[in-house]
Amino acid sequence: MELRINQKTYQVDADADTPLLWVIRDDLGMTGTKYGCGLAQCGACSVLVDGNVVRSCVTPVAGVVGREVTTIEAIEADEVGKRVVSTWVDLQVAQCGYCQSGQVMAATALLKQNPKPSDAQIEAAMVNLCRCGTYNAIHAAMHELADKGDA
Amino acid sequence: MNVRIDPSQEASALDLHEPVNVSRRRFLTGTAVGALVLGFGLPLGSTRVQAAAAATAERGTQVPAFLEIRPDNRVRLLCPFMEGGQGTFTAMAQIVGEELDADPATFLVEAAPPGEAYVVMDNGMRITGGSMSVRMSYPVMRRLGALARAMLLQAGAEKLGVPVGELTTEPGKVVHAASGRSLAYGELAERAMDLPVPAPDTVQLRDPSQFRWIGKPVKRVDAYDKSTGKALYSIDLKVEGMLHAAVQHAPRLGMTVGNVRNEDQVKAMKGVHSVHRLPGAVAVVAERWWHAKRAVEAIQVDWQEPTVDSKVRPMPADFSSDDWLKRLAEEKGPARDDENEGNVASILSDAKSRVDATYHNQYLNHGQLEPPSALARFNPDGSLEVWLPNQAPDMFRADIAKRTGLDPSRITLHSPLLGGFFGRHFLYDSASPYPQAIELSKAVGRPVKLIWSREEEFLRDVLRPVAAVNFRAALDNDGWPLAIEAISATEGPTEAIAGKQGEKLDPTALEGLSGKSYAIPNKRIAQIYVKGPAMLGYWRSVGNSLNDFFYESFLDELADKGGKDPFELRLHLLRDNKRLTTLLQAVGELSGGWKRGPFTAEDGTKRARGVAMASPFGTQTAVIAEVSIENGQVKVHDIWQAIDPGSIVNPAIVEAQVNGAVALGLSQTLVEESVWVDGKPRARNYDLYPILPPARMARVHVRVVESGEKMGGIGEPPLPAVAPAVANAVATLTGQRVRSLPMSRHTFT
């Protein structure tokens with residue numbers, strides 16, 4: 001099947017129900033998207049599909065044929081994604097970093113749809129788990145991004 | 001399954017002996033001929049490393065084993081400690097950079113390989129744990145930087161033809177002020193590293209008042225890579241010709257593989273390379289991990305009950321964690337004393353005012369977000385390379401040598417970044433994938449990367465220990481504590497790993513009950529050792545994670561009984577302890593002044609505050625928590641924490657670590673619990689094992705108090721006082737004294 005990932009076209013020979021996560025990681029060798037639970041519980045595997053954040057560990061690869069997938073590897077090619085990364089670095093959000101690809105994807109998806117999200121909208125969108133407890137740093141980064149949201 | 005068509009993907013020209021993804025490829029790209037490349041990634045036969053290993057030098061003086069300075073002035077540091085989020089790579093870059101006179105921002109830091117050269121801690125150990133890294137290696141790592149600087153100065157003197165005394169340094173360069181000439185470190189490194197290392201006592205360390213980077217909120221060296229998916233963890237690595245593997249473990253530890261009922265069908269499943277029997281597990285090797293996982297989960301095994309000579313701790317079929325906790329609470333002894341001062345027994349029996357209470361805690365998983373994995377490769381010459389998450393490379397290499405019969409010199413061990421650890425990656429016999437990966441790689445004759453699914457991880461993870469503590473205390477006529485006794489029925493993690501009680505008490509069993517600074521004249525702290533059925537391990541802040549909850553909660557019960565305010569009671573009991581009095585007052589101030597409540601907040605909710613203290617890992621902490629009740633459950637609004645680690649290296653990382661430790665502390669307080677029924681964990685993923693979600697995080701306010709006392713730890717100390725501060729606030733608010741965790745087991749009104 002033919003996939004569009006990060007503005008490139010890939011031919012992939014995978015079963016239709018293979019989770020997108022494992023196609024990205026094992027077939028395409030892009031390891032920035034992480035496996036944490038396999039059950040859509042933690043969000044470490046978050047990617048964008050047509051601009052919406054999805055959990056690739058439970059997304060059958062066949063479901064994204066004909067759609068545009070964006071992974072963390074291409075996040076800085078996106079204006080909003082680039083701002084998210086730069087804020088993440090400025091505010092020193094990451095600790096172990098394992099969940100942060102997913103956090104950055106979730107943040108980018110929210111801000112692309114809503115450049116000035118409210119507290120409640122941030123809380124509703126930023127639900128990925130972080131075992132290091134970087135939640136307050138993420139919250140601060142989101143606020144900074146939202147405050148500059150009209151730029 | 002094969003792939004791809006994108007010519008821009010650069011999969012070509014990969015060195016067979018080089019992991020495709022490992023980041024040093026990037027580092028090596030910039031390395032010109034003649035630059036010094038040492039240590040990690042080089043064959044262990046490298047003459048310089050051998051020479052370094054052979055020398056019986058003072059700790060941390062084998063400069064070339066640690067440092068490579070590139071022609072572009074980048075400084076590559078092989079760090080004795082593992083980076084798992086706690087910021088040790090950055091701290092080491094600051095410490096070494098300060099004395100080397102090189103900006104930490106120019107550092108590339110990686111974990112050093114096993115080897116005597118990298119034993120830099122005062123206690124002669126090489127582990128990343130116990131919040132030891134910075135505090136136990138600080139002077140040695142500073143001296144390492146100073147030694148390297150001296151070597152660069154010497155090389156500069158030779159090159160410029162001037163006496164070394166005329167030279168100074170500025171960040172990244174040697175300067176000859178008299179002639180206005182300077183040489184970048186990158187130009188001098190090759191010669192410098194060939195010079196003999198000066199005698200350790202000949203270098204002078206920088207005056208702390210002149211520090212540029214130590215003590216400053218220097219940016220983490222890994223922040224960008226970790227924000228863009230570029231950071232590589234064990235689970236991400238790949239080598240040429242590698243196969244993937246997945247396992248299905250026996251439902252209970254100690255069971256063995258019997259008949260495999262559907263082996264032929266599984267072998268015929270798509271992508272399957274082979275099916276294997278391992279000790280206590282079956283495995284599937286495949287070209288893709290997804291195929292391996294699907295196939296291994298389809299295997300039907302007739303698991304056999306553990307035999308009497310089981311090499312692992314067998315899990316009984318009837319084990320229930322709830323029943324176990326009840327049993328611990330009823331244990332009568334004998335108990336061994338850790339502390340016994342005054343005359344506890346007679347004061348308790350004669351007391352007019354007594355408080356007795358029994359507390360217990362819960363089992364916990366580590367729940368680090370990166371599931372364990374290991375990549376093993378046998379090279380054509382029979383040597384073995386293993387990539388695996390670990391907190392103690394030398395111990396793991398020794399274990400691999402024992403398991404394989406290979407000489408340690410034939411084993412190369414790589415320690416990638418850890419996707420969280422919290423104590424998960426010590427040497428736990430039954431809880432690591434690397435023995436399986438090695439066995440599978442040997443069996444198939446190709447490199448194998450084994451990933452444990454989250455479900456297999458939660459089945460085999462070692463648990464945070466449990467204890468039931470029976471407290472008795474007596475108050476004097478004025479309501480002040482006169483005697484306290486705590487008898488803990490428990491097994492410490494060190495005892496569990498050893499499989500028995502040692503000659504001495506396991507300090508990790510009682511820490512947090514023992515070692516309290518309160519002036520209570522009569523006290524007895526004792527352990528009843530009860531060997532349990534579950535395999536235990538170290539969990540962030542170890543014994544303190546449970547024991548400070550018990551002690552500091554019970555102390556509030558004494559305050560209530562004696563009619564004292566809990567903050568005032570602590571001040572009274574610490575009246576002769578200036579350091580802790582200062583700390584307690586600091587957290588009071590930080591919170592806007594101690595205010596117990598209950599009170600009504602601006603949003604109309606009824607709230608209260610609780611206070612607690614802890615003294616873990618050489619650091620002192622004091623916490624105030626503010627709570628309300630929302631839908632019958634506890635909501636924690638704010639945590640104020642004052643922390644005195646003596647002195648610090650990076651205030652920004654300290655604040656981040658306090659936040660992280662508070663999150664884990666809240667997680668164990670509010671929601672988290674590993675429940676076992678019929679010998680099996682009820683939860684094998686985050687769906688039934690909740691960890692703190694963002695919505696339940698509290699605001700965190702940090703004040704660092706640098707008393708100048710001996711340096712203490714940072715990663716773990718901010719955790720233990722969180723649970724009791726919350727429990728004490730809840731008791732004030734609701735009148736309900738919580739004597740067990742998590743609070744999700746209780747209903748509040």
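R142(B) is buried, with a relative accessible area of 10%; buried means under 20% relative accessible area, exposed over 50% and partly exposed in between, with a 1.4 Å probe and protein chains only. The residue belongs to helix α5 (residues 133-160) of chain B. Helices (H or I, at least four residues) and strands (E, at least two) are DSSP runs, numbered from the N terminus. Neighbours within four places in sequence left aside, R142(B) is in contact with I95(B), E99(B), L205(B), R206(B), F211(B) and I214(B), where contact means heavy atoms within 4.5 Å.

This is a predicted model, in which local features need pLDDT of at least 70 and side-chain atom pairs count only at pLDDT 80 or more, while totals for chains, interfaces and linings use all residues. Residues are numbered from 1 along each chain as its sequence is written, chains are lettered from A and ligands numbered from 1 in the order in which they are written, and side-chain values use heavy atoms, with hydrogens and water left out.

Another helix of chain B, α13 (residues 434-444), has eight of its eleven residues buried, so it is largely enclosed by the rest of the structure. The buried residues are Y434(B), P435(B), Q436(B), A437(B), I438(B), L440(B), S441(B) and V444(B). Just after α13(B), G445(B) takes a positive phi of about 70°.

Strand β23 (residues 620-630) of chain B is also largely enclosed by the rest of the structure, because nine of its eleven residues are buried. Two strands pair if DSSP finds at least two bridges between them. β23(B) pairs with strand β22 (residues 606-614) of chain B in the antiparallel sense over seven bridges, and M613(B) stands opposite A622(B). The hairpin of β22(B) and β23(B) has five residues between the strands, and F617(B) in the turn has a positive phi of about 55°. β23(B) is also joined by eleven bridges to strand β24 (residues 633-644) of chain B, again antiparallel. Here I624(B) has W640(B) as its bridge partner. Two residues lie between β23(B) and β24(B) in their hairpin, with N631(B) in the turn at a positive phi of about 55°.

Domain bounds come from an automatic or database domain assignment. Chain A is divided into domain 1 (2-73) and domain 2 (75-147). Their contact takes 18 residues from domain 1 of chain A and 13 residues from domain 2 of chain A. In chain B the assignment gives domain 1 (24-227), domain 2 (234-309 + 372-451) and domain 3 (321-363 + 464-745). Nine residues of domain 2 of chain B are in contact with eleven residues of domain 3 of chain B.

The table sets out the two interfaces. Buried area is the accessible area (1.4 Å probe) that two parts lose on being put together, summed over both.

| Interface | Distance between C-alpha centres | Buried area | Share from carbon and sulfur atoms |
|---|---|---|---|
| Domain 1 and domain 2 of chain A | 20 Å | about 1300 Å² | 59% |
| Domain 2 and domain 3 of chain B | 38 Å | about 650 Å² | 69% |

On the side of domain 1 of chain A, K34(A), L48(A) and I72(A) lose the most area to domain 2 of chain A, together 35% of what that side buries. A salt bridge is a side-chain nitrogen of Lys or Arg within 4 Å of a carboxyl oxygen of Asp or Glu. The count is zero salt bridges between domain 1 and domain 2 of chain A, and zero salt bridges between domain 2 and domain 3 of chain B.
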